[in-house]
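Here is a short note to read alongside the structure. It starts with some charged pairs and then steps back to the chain as a whole.

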Amino acid sequence: DFRLWVAMHEETHRVQFTAVPWLREHMIGRARSVGTQIMPEPDQMSQRLGEILGQLPDVISGKADITQVMATPAQREMLAEITAIMSLLEGHADAIMDEVGPSVIPTVAEIRTKFTRRRKGAGSVDKILRRLLGMEAKMRQYHDGAIFVRAVVDQVGMDGFNQVWTSPETLPLATEIADPQSWVRRVHG
């Protein structure tokens, strides 16, 4: 059941990228843009490394996200845009697999409960490693994205939600992931 559940999640991603022709190139373009800008110039490498090392205690304690430490303010804005899209994609896949799941996978509720508990991390060492590797932020994408998807579907139905796939301009902004009503207002008026 678990393998089928995970496969359903990944199949949802396949459908997202094949049903929305512009999405793949949009994501690749955004990732390239961030990737080329995030690396410091060689003459700035030691200074950036010092800044990063100085801020690691904040990452370990949970006061800062690893992306806050690794990126400049402009880069963080670009990362926030990509993170919003990733939250949408991961949250949509989670919401779909939970909705379809019971008819295909009888134990979906049990799997979701265990998976949610696992996503939170085991102990303090696990949590620190997740923060340092950026995994804590990744786990938030699933959670925040699923909340966004479910809230939008509750407000405007699935057809209204599907407006998200219309163009890059209808993708949720970083601020809208945490405030689905603002996306509904912007896209649906």
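1. Arg 150 and Asp 98 form a salt bridge, with their closest N and O atoms 3.1 Å apart. Arg 150 lies in helix α8 (residues 135-161) and Asp 98 in helix α5, so this pair ties together parts that are 52 residues apart in sequence. A salt bridge here is a side-chain nitrogen of Lys or Arg within 4 Å of a carboxyl oxygen of Asp or Glu. Helices are DSSP runs of H or I with at least four residues, strands are E runs of at least two, and both are numbered from the N terminus.

2. Please keep in mind that this is a predicted model: local features need pLDDT of at least 70, side-chain atom pairs count only at pLDDT 80 or more, and totals for chains, interfaces and linings use all residues. Residues are numbered from 1 along each chain as its sequence is written, and side-chain values use heavy atoms, leaving out hydrogens and water.

3. How exposed are the two partners? Arg 150 is partly exposed, at 37% relative accessible area, whereas Asp 98 is buried, at 19%. Buried means under 20% relative accessible area, exposed over 50%, and partly exposed in between (1.4 Å probe, protein chains only).

4. Asp 94 forms a salt bridge with Arg 112, at 3.5 Å between the closest N and O atoms. Asp 94 sits in helix α5 (residues 73-104) and Arg 112 in helix α6 (residues 108-119), so the pair links parts 18 residues apart in sequence. Asp 94 is buried at 2% relative accessibility, and Arg 112 is buried too, at 15%. Asp 94, Asp 98, Arg 112 and Arg 150 are linked in a network of salt bridges.

5. The structure holds eight salt bridges. One of them joins the side chains of Glu 25 and Arg 24, at 2.9 Å from N to O. Glu 25 is partly exposed at 49%, and Arg 24 is partly exposed at 47%.

6. Now have a look at Glu 176, in helix α9 (residues 174-177). Glu 176 is buried, with a relative accessible area of 3%. The side chain of Glu 176 reaches the backbone nitrogen of Leu 173 at 2.7 Å. Setting aside neighbours within four places in sequence, Glu 176 is in contact (heavy atoms within 4.5 Å) with Phe 148, Leu 171, Ser 182, Trp 183 and Arg 186.

7. Finally, the whole chain. The protein chain has 10 helices and zero strands. Of its 189 residues, 37% count as buried.

Notes
A polar contact is a pair of N or O atoms within 3.5 Å; within protein, one must be able to donate a hydrogen and the other to accept it, and residues adjacent in sequence count only if both atoms are side-chain atoms.
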